[in-house]
Amino acid sequence: MLKRYFLTAQLLAASCLAFSQPAPKPYGVLPTARQLKWQETEMYCIIHFSMATFDDKEWGYGDEPNSLFNPASFNALQIVGAAKAGGFKGIVVVAKHHDGFCLWPTKTTSHNISQSPYKNGKGDVVKEYQQACDKLNMKLGLYCSPWDRNNANYGTPEYLQIYRAQLKELYSNYGPLFMSWHDGANGGDGFYGGTREARKIDRTTYYDWDNTWAITRAMQPGASIFGDVGPDVRWVGNEEGHAGETSWETYTPEAPEAGKRPSNGYVKDWLGTDGTRDGKNWMPAECDVPLRKGWFYHESQDGQSKSAYQLLDLYYKSVGRAACLDLGLSPNKQGLISKEDEQILKEFGSLLKQTFAINLAKGATLTASNIRGKNQQLYGVQHLVDNDRYSYWASDDKVTTPQLVADLHKPQTFNVIRLRENIKLGQRIEEISVDAWQNNGWQQIAAATSIGANRLIRLPQNITASKVRLRVTKSPVSIALSDFGLFKEPVHLSSPQITRTTKGEVSLTTEAPVSKIVYTVDGSVPGNASAVYQHPFELPEGGVVKTLSIEEGNKLSEVSTKQFGPVKVQWHISAEGTDEKNLQKAIDDDVNSYADVAVSTGGVVIDMGKNTTIKQFTYQPRTDKHIDGMVDVYEFYYSADGSTWAKAISGEFSNIKSNPILQVVQIENPISARYFKFVPKHVIQGDRAEIAELGIISK
Ligand code: FUL
């Protein structure tokens, strides 16, 4: 009885206080329930497995015969299982890529799986993914490319009806989706029912997105819609997997021309990675990046997947900057994630688990400089460590720069700090600093901007301290912080960095000194018995350098790999009507300087000075985030004397606009020649080609 009285009295007191001091007023625009669900997902994998896998392309042209799609052992459980082992909580299946081939038996086009040999035309790969997701408790999302290089109707109003019918089929038959992913890419040309031409659409009006997405809303109300500029989730503006150091969850998109509406595929050259402080829309970023070099599987890219530690770094730069990480997985021609990729995912999953297993702040005594209305129960600091993303420590309205001290009771070592706001009340905090009690005083160890749903600060070194202080240094309103965490990443031996001078001298360096660095130059994996690095070595003809560091107790780092072509010091470059000084920038080994050549010149000629084997050629596009002059269609010639030329290969650099990485083109039968000629046939924008670097690979 007495107990009951006390409880009631306590509740009464709490509610009186809560009444006198209501919850903080939400700040700015707010997330919807569906966006909150998406945000909580944090990490998912986008899966590219379709015609381009079999065609060995990044963008299928649309003319691939249905007979080409015939994986011998497609296994959705293995693929989804690999994602799950990596700690990912969902997948986005590319049900139709730009080549137009539908991985489900659709009524909308004959270019689909029912016309392929796979399971004698009875297969439905999307269904198999759905079943695997159900089994493994993973979320399912779908990507159906608006651009369709196969469809004869593409560009006409009829196609929009076809596209919508495809969405309706996908929305009806595969259960509730957590995402509907809408790509903005459109390279123009394609097969289009055999016409093989370039088709232009107005990106702002053609897909009539408002009405197209109304279908998504009606049929899949829980699905967050991803597009370059939302509406629910925005593209972060690169395919490298990172948001900006400052990354706001709100965003005000801009169109390239005044008066036009920003739209999917029609936004400023490069979307900013940072969002907009106090933006008009709640539109957090998704950071997409392939695990391998490209989005589709290419055998030639085996051995070049990102390592578990590279993924961890991207995790801090995406999930740790209030975005979600969307990692591209690429099943091979068999229909499986390769052993190598599977292993990397497993290691990454275990690294994440180990890092976040113990929150040192949980055992700490937390003391705040201010608690809203002195109401400990509702707004106290215990909410910072209770694993609830929406319970929170709040300050009084007039207190916008409160502080928190965590007494860890004894020296503890950490290198990761986690902060989260209760984003149901908006993104409030602008800046914070963190101090550690060291040498009898507070020393600042970190500072950060934008917190939002999640901010992970990875310190450059371990900090050992028995007291840690958080200072909110800038906020327009009272704060509503839901999480404060301190973690320790497992010890990591950093792998060496590989650099080569223009003359061909290779150096291997590590951030901190290590006992030993070993390396190979023949492509084999280095180990204890490999050559020990003592000083820089010569590699003028190029080759593959692989290296790792070794510490006592036989601890090995991950392997770093870099491929080099022959050095370019003796090369001569020329192009009609272009001065040599400008051209020289295409062979100066500096990716930040560009040769600028009129597309109409007929190509850039390089005299290598001697007969050289050409197995691959490379084109490095500009690296300054501008698309002017990025070459997306090329021809490549070779010659023994610089006057009689033979064509070695021609093609497109698919997806170069979104992912402007080094383009490596395989020449089917290696050539031996003294001269080569690179002819830019088309650029993404403008009439001049910007060439940051041209090169070849001989070994
Ligand atoms: C891009 C596409 O063009 C790529 O092929 C890939 O699907 C990627 C996820 O989105 O814009």
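How many of the 5 residues of strand 22 (residues 516–520) are buried? Strand 22 is mostly covered, since 4 of its 5 residues are buried, where buried means under 20% relative accessible area, exposed means over 50%, and partly exposed is in between (1.4 Å probe, protein chains only). Strands, here and below, are DSSP runs of E with at least two residues, and helices are DSSP runs of H or I with at least four residues, both numbered from the N terminus.

The model is predicted, and for that reason local features need pLDDT of at least 70 and side-chain atom pairs count only at pLDDT 80 or more, whereas totals for chains, interfaces and linings use all residues. Residues are numbered from 1 along each chain as its sequence is written, and side-chain values use heavy atoms, with hydrogens and water left out.

## Strands and their partners

Strands of a sheet pair through backbone hydrogen bonds, in either a parallel or an antiparallel sense. Two strands are taken to pair if DSSP finds at least two bridges between them. Strand 22 pairs with strand 25 (residues 543–551) in the antiparallel sense over 5 bridges, and within this pairing valine 518 has leucine 548 of strand 25 as its bridge partner. Strand 22 is also joined by 2 bridges to strand 23 (residues 531–532), again running antiparallel, and here tyrosine 519 has alanine 531 of strand 23 as its bridge partner.

Another group of 3 strands forms an open sheet in the order 20-21-24, with antiparallel pairing. Strand 20 (497–500) and strand 24 (537–538) stand at the edges with a single partner strand each, so one side of each is left without a neighbour in the sheet. Strand 21 (residues 505–509) and strand 24 run antiparallel and are joined by 2 bridges, and glutamate 505 has glutamate 538 of strand 24 as its bridge partner.

## The ligand and its surroundings

There are 13 residues around the ligand, of which His48, His97, His98, Tyr143 and Asp183 come nearest; a residue is near a molecule if one of its heavy atoms lies within 4 Å of it. The shell around the ligand divides into 5 nonpolar, 5 polar and 3 charged residues, where Ala, Val, Leu, Ile, Met, Phe, Trp, Tyr, Cys and Pro count as nonpolar, Asp, Glu, Lys and Arg as charged, and the others, Gly among them, as polar.

An N or O atom in the side chain of tryptophan 59 is 3.1 Å from an oxygen atom of the ligand, while for histidine 97 the corresponding distance is 2.9 Å, and a polar side-chain atom of tyrosine 143 lies 2.8 Å from an oxygen atom of the ligand. On its own the ligand has 290 Å² of accessible area, and the protein covers 98% of it; such areas come from the Shrake-Rupley method with a 1.4 Å probe.

## Salt bridges

Side chains of opposite charge can pair when their charged atoms come close. A salt bridge is counted when a side-chain nitrogen of Lys or Arg is within 4 Å of a carboxyl oxygen of Asp or Glu, and a search of the whole structure finds 37 of them. The table gives examples.

| Salt bridge | N to O distance |
|---|---|
| Aspartate 208 and arginine 164 | 3.1 Å |
| Aspartate 313 and lysine 317 | 3.0 Å |
| Lysine 339 and glutamate 342 | 3.5 Å |

The salt bridge between aspartate 208 and arginine 164 links distant parts of the chain, 44 residues apart, with aspartate 208 in the loop between strand 6 (197–198) and helix 7 (209–219) and arginine 164 in helix 6 (residues 157–173). Aspartate 208 is partly exposed at 29% relative accessible area, whereas arginine 164 counts as buried at 12%.

Aspartate 313 and lysine 317 are 4 residues apart in helix 8 (residues 308–317), and are therefore separated by about one helical turn. Aspartate 313 is partly exposed at 24%, and lysine 317 is partly exposed at 27%. Lysine 339 and glutamate 342 are 3 residues apart in helix 9 (residues 339–355), which also amounts to about one helical turn; lysine 339 is exposed at 66%, whereas glutamate 342 is partly exposed at 24%.

Alanine 308 and leucine 345 are 37 residues apart in sequence, while their C-alpha atoms are 6.8 Å apart in space.

Terms used: Polar contact = N/O pair within 3.5 Å; in protein donor to acceptor, adjacent residues only side chain to side chain.
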